Amino acid sequence: MKKSWGKILLVLLPIVISLFLLYPTYKASNLEKLKQRYLEEAKKAKNPSDSLAIIEKFDKQYGKELLDAKANRIKLGLDLRGGMYVTLEVDVLKMIEESAQRDAIDDIFQEVLEKTRKDAQTSDEDIVDIFKRNFDQIARPKRKFLSDYFDFGGEALATEDKIIEKLKENAKESIDQALQVIRQRVDKYGISEPTIQKIGQRRILLELPGVTNETEMRQLLQTTARLEFKLVRNDENLVAAFYKIDEYLKKEKQISKNNQNLPSIPSDTSIKEKQLVSADTSKTESSDTTLATKGTDTTKAGEKADTTDPYKGLSQEEKSRRYLEDHPFTTLFITNYMPPNGERTQYQRDVRFYNASQVPKGEYSFEIFQDVWNKFEAILKRKEVRALLPYDVEILPGAKPEIIKDNKGKEYKILSFYGLKRDPELTGEVITDAVATYDPTTNQPIVTMSMNSDGAERWAKITGANIKKRIAIVLDNLVYSAPVVQQKIVGGNSQITGMSSPEEAKLLKIVLKAGALKAPVQIVEERIVGPSLGEDSIQKGIQSLLLAALLVLLFMVAYYSVAGLYANIAVLINVLLIVGIMAAFQGTLSLPGIAGIILTVGMAVDANVLIYERIREELEKGRSMKSAIDEGFSKALSAILDSNITTFITGLILYFFGTGPIQGFAMTLMIGIITTLFTAILISKALFQITLNMGATNISFGQPKSVKA
Amino acid sequence: MQFFKKPNIEFIANRKKFLILSGILIASSIILILVFGFRYGIDFTGGTEIAIKVEKNLETNELRKLLSNAKINPDEIKSYGEKNQFLLRLKETGEAANKIESALLTTLKDYNVQILKKDTIGPKIGAEIRVQAFIAVILSIIAMLIYIGLRFEFPFGFGAVIALVHDVIFTLGMIIVFDRLNIINLEINQGVLAALLTVVGYSVNDTVIIFDRIRENREKLKGIPFAKVANISINETLSRTIITVLTVLLVLIVMVFLSGPVLQGFAFTMTVGVIVGTYSSIFIATPYVLWYLKKVKKINVEADISKETVTAKA
C-alpha cells in the first residue's frame, strides 16, 4: 500500500486541481441564480425605495464575491449566450481624405480618392501605397503635388516622401486610438464583459455579449470621434444674435397669424407655421419651469438698470407674459453675465435684456435643462435662424449634465452650452500624454497634458493670443471642459484645474489621451446570435456531449471490462482537466469548443485502445500481468506520441489561420491532446499499478477466456 | 470481448483492387467538384445570413411568397434546424442588409418573428478567409510531410500525404453529393473547413499507427519481405483501428443528429473523413511505401508472397 501513495496522489491531484479551478464557475452561477431571485423579489416590492434596498442588500452581501467569481470562471462564447460579434476596420482612405486640407481638395484629388477606393476593394496592398500610385498617375501629370493638399506643419514635412511617411504613420496609429475610443464608448454603454482586441494592423475585434440593439451599437462604433480645441465665443455678439432670433421668431409668428386671415396660404409658410407652433408651445412650457425654478427678481439686475423698458407701467404678471411672448428663444435657457475684465466668480445670474442692442460687452455663460435641449437645437438647425448667428460660431453642449435637486428632492439635469469658434485651433493628435493627478499645493484634482513640438509651438501662439479667455476641449462634438487660459503656455505642458472631482479629472484625461480618433472605422464583419439560439445551442451541445460520452464509456467497459473502466476514469479526468485548464486561462467556451471536447472524448480512448491491444498481445504471448502491462505501455508510447503530435500540429495551424469560433475549436483540441497524453499514459498506468500493488494478480482486459490460459 | 482474433487478411496482396476502387472514387469526386462546384458559405463569399424563427406554422414556400410580396427577395430561403426556423441568405452587406432586415421584421410581425442569428461578412474579409483557408490546408499538408518524413523516412511521409490528399478529395466529393441531394446542408464554411483540417490530422494519425508497427516489425522480422511485414503490421493493428474508428464514429454520429444546425456540417464532414481516413491508411499509404521501395529503390519487396504467408504462420 505504501508504495502506491505517490500513484494515488497522481490520480487525485488533477481531480482536486480541476475542481478547485472550476469552483469559481460553480459559485458564479449559483450567485447569479441568487441575484435573479433578489431581482424578482425587488420587482415585487411595493415601492421603488424598497426594491432598491433589496438590490443594495445583495450587492453589499455578495457583490464582491460575485465579481471575483466572475473574473475566474469559464466564460461562455457569444454563440452560447447571445450577443454581437463585430470586426471593425480603420478606413484609411477616409483618413487620407480627412488629413488633407479641406479647402485644397479639388476634383483631381477626389478622382484619385475614387480610384484608390476602387482599387482597394480587390487588393491587399497598403492603401497609402495605392493612393500614392494613383496620385502619381492622375494628379502629377496635372502638375499637382502632395504638398498642395497636405500640410503637416513645418517645412521639414513638406517633401513628398515625408508626407507619405506621415500618412502611413497616421494610419498605423489610428487603430490604437480607435481602439481606445471604442473601449471608452463601449464602457459608457454599459456592456458587461466585452472583449475588445486589436487584430493585425487595421482591425478591431469586439465581442459584445447580450447586446440586442444592433442599430444603436453600430452607430456607437462607427461614429468618428474627434478631439478639438476650440475658442469659446460666449460674447456679446452671440447673445445679441440670440435676441435677434427672438425677434425673428416673434415676427414669423405674427406673419403666420396674419396669413391665417388670407384665403390661400402658400405651402412654404404653412410649414414654417407648423414648426413655429410646435416650437412655441414647448417654449412657453419650458420657460415657465425656467422662471419658476431659477428666475428671481434679484437676478434681473440688468433689466432694472435699463431705462428703455418697453413694458413700463404694466403689472408684474403682464410683464412676465409679454416678455415670454416677445422672447421665445432666449427664455429657453439661462444667460449669465460677467463684465469685461471682471472676476470670474462674480457672474450675474440669469440676466435679461429686451433686445439685441442692449447687450453689454463682456462674457456670458449659458445653462439649459437637458430635456429642453432638443427643442433648442431644433430651432438652431433652421436655416433662417442659423443665418442670424455669427457665421464662424457653432453651438455645442457640455458632455455631462449637472444634476441639481430642488427642495422637494426632484432632480434636474442642467447642461451648459457654448458658442465656439467653428474652426478648431488645434486637433487632438498633437497631444502626447495626459495625466490626472492632484495639485500638490491645493490638493485639488488637476489634469496635466503635454504636446509634441509642433503642437507646443502652435499652443504657445494660441494661448498667448487668448489670455483670460476660455478654450473648449471638444470630443465627439461634446464640450468636456472649457478652461480659462491663465498665461501663454510655452513648451506644451499645460495644467487644467477646476475639476470638481477626481472622476471628472480622470474623464478629461481619457478624453485628452484617447480622444483623437483620426480615422473613422467601418464594420467589415458582424455576427449576431440571438439569446434563444444560444440557449438552444448549450442544451444541444451538452446533450450530445453527455450521450456521446455515455456511449463511448459503455463501449469501453463492454470491450475491455475492468481495464475499460480504468480507461473511463482516465477519460473523465481528462474532460475535467480540459474544462479546468480553460477556466485557469480564462478561456471562452464556445459551441465549436464543445465540439472539440466531444471529439476529444472520442479520440482520447484511442490512446487507451492502443495500450490495451498491446497488453492483450503481450498476455497472449504468455507474459505475466505485470510485465504485460509494463510492456504494453512502453511499446504503445511511440505510436501514441506520433499520432497525437500530428493532430496537435493541425490544431496549431487551425489556431493561427482560423478566426474566432475556429480558434476556440483549435484551442480545446490542443488542450485536449495534452491532457489526453497525460491521463491516458500516466493516470491509467497509475491505476493499474495501484491495483497490482494492492495484491491483484489479474486484471481483466476483456480478452476471451481461451486466450488467457 | 474481442472482434478480431488474430486476423490475417490479405490487404497487401489485394491492394490493386482497392487501388482501382480508390481511383474510381477519386476520379468521380474530382468530376463532381469540377462539374457541380462547391456552395460556399458567406464566410468565403461575403454577404449576409439571417436565421429566423416564427411562432406560427409556416412553410418555406409560404415564407418566400410573403417576402416577395414585400419586395424582399433573398438569394436563398431554406429551413434551419427545426420546424418554423429559416435561414435567409442575402448578397447585400452593411446598410443595405440592415434595411432588408428591418423590412423582414415588419413583414413577419404577425408571426412573432425572432432573429436567431445574423452574420454579415464584408466581401474583402470573405476573400481573405478564402486565402487563409487555402494556406492553412497547404501548410498542414507540408507540416505532416515534414514531421512523418523526420520521424520515419521520407517515402513514409509521402505515403501519408498522398493518403490524406486522397481523403480530402473524397470527403469534398461526398460533401457535394450529400449537399446536392439535399440530405444535409453542406456549404463550405469555416466549420466544414475546420473539420477538413481535423480530418487531415486524423488521417495522418491513423496512418502513423500502422507505420509505427511497420517500423517495429521491420526490426523484429528481418529477412522477411517488406510486403509481408506491412501486411502483418496492418493485421496486428486492425483491432485497434476498428475500435478507435468505432468510438470516434459513435461520437460523431451523435453530433450529426443531436448537436443542431451549427455543428451539423462539421460533424458530417468529420464522419466521412474518419471513415475514408482509416481506409486510406491501409489501402493507400502503406501500398505507396511498398510501391516506392519496389520501383524507386528496386528492393524486392514481395518475394513470392503467397508461399511465405503460409510459412510465416507456422
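Which residues have the most contacts inside the largest nonpolar core? They are A:Ala548, A:Ile598, A:Val601, B:Val251 and B:Met255, in a core of 138 residues. By nonpolar core I mean a set of buried Ala, Val, Leu, Ile, Met, Phe, Trp, Tyr and Cys residues joined through C-beta atoms within 7 Å. Buried means that 20 or more other C-beta atoms lie within 10 Å of the residue's own; 12 or fewer is exposed, in between is partly exposed, and the C-beta atoms are placed from the backbone.

This is a predicted model: local features need pLDDT of at least 70, side-chain atom pairs count only at pLDDT 80 or more, and totals for chains, interfaces and linings use all residues. Residues are numbered from 1 along each chain as its sequence is written, with chains lettered from A and ligands numbered from 1 in the order in which they are written.

Helix α18 of chain A, residues 531–584, gives the largest share of it, 20 residues. Helices (H or I, at least four residues) and strands (E, at least two) are DSSP runs, numbered from the N terminus. Leaving aside residues up to four places away in sequence, A:Ala548 touches A:Ile598, A:Val601 and A:Gly602, and on the other chain B:Leu250, B:Val251, B:Val254 and B:Met255. A contact here is two C-beta atoms, placed from the backbone, within 7 Å.

Now the interface. 54 residues of chain B are in contact with 59 residues of chain A. On the chain B side, β4 (114–121), α5 (123–151), α7 (190–220), α8 (226–258) and α9 (261–295) each supply at least two residues. There is also strand pairing, for which DSSP must find at least two bridges. Strand β17 of chain A, residues 521–529, pairs with β4(B) in the antiparallel sense over five bridges, and A:Ile528 stands opposite B:Lys118.

Chain B itself has 10 helices and four strands, and 46% of its 314 residues count as buried. In α5(B), the buried residues include B:Ile125, B:Ala133, B:Met144 and B:Ile148.

Last, confidence. pLDDT is the predictor's confidence in each residue, from 0 to 100. Chain A averages 79, and 86% of the residues score at least 70.
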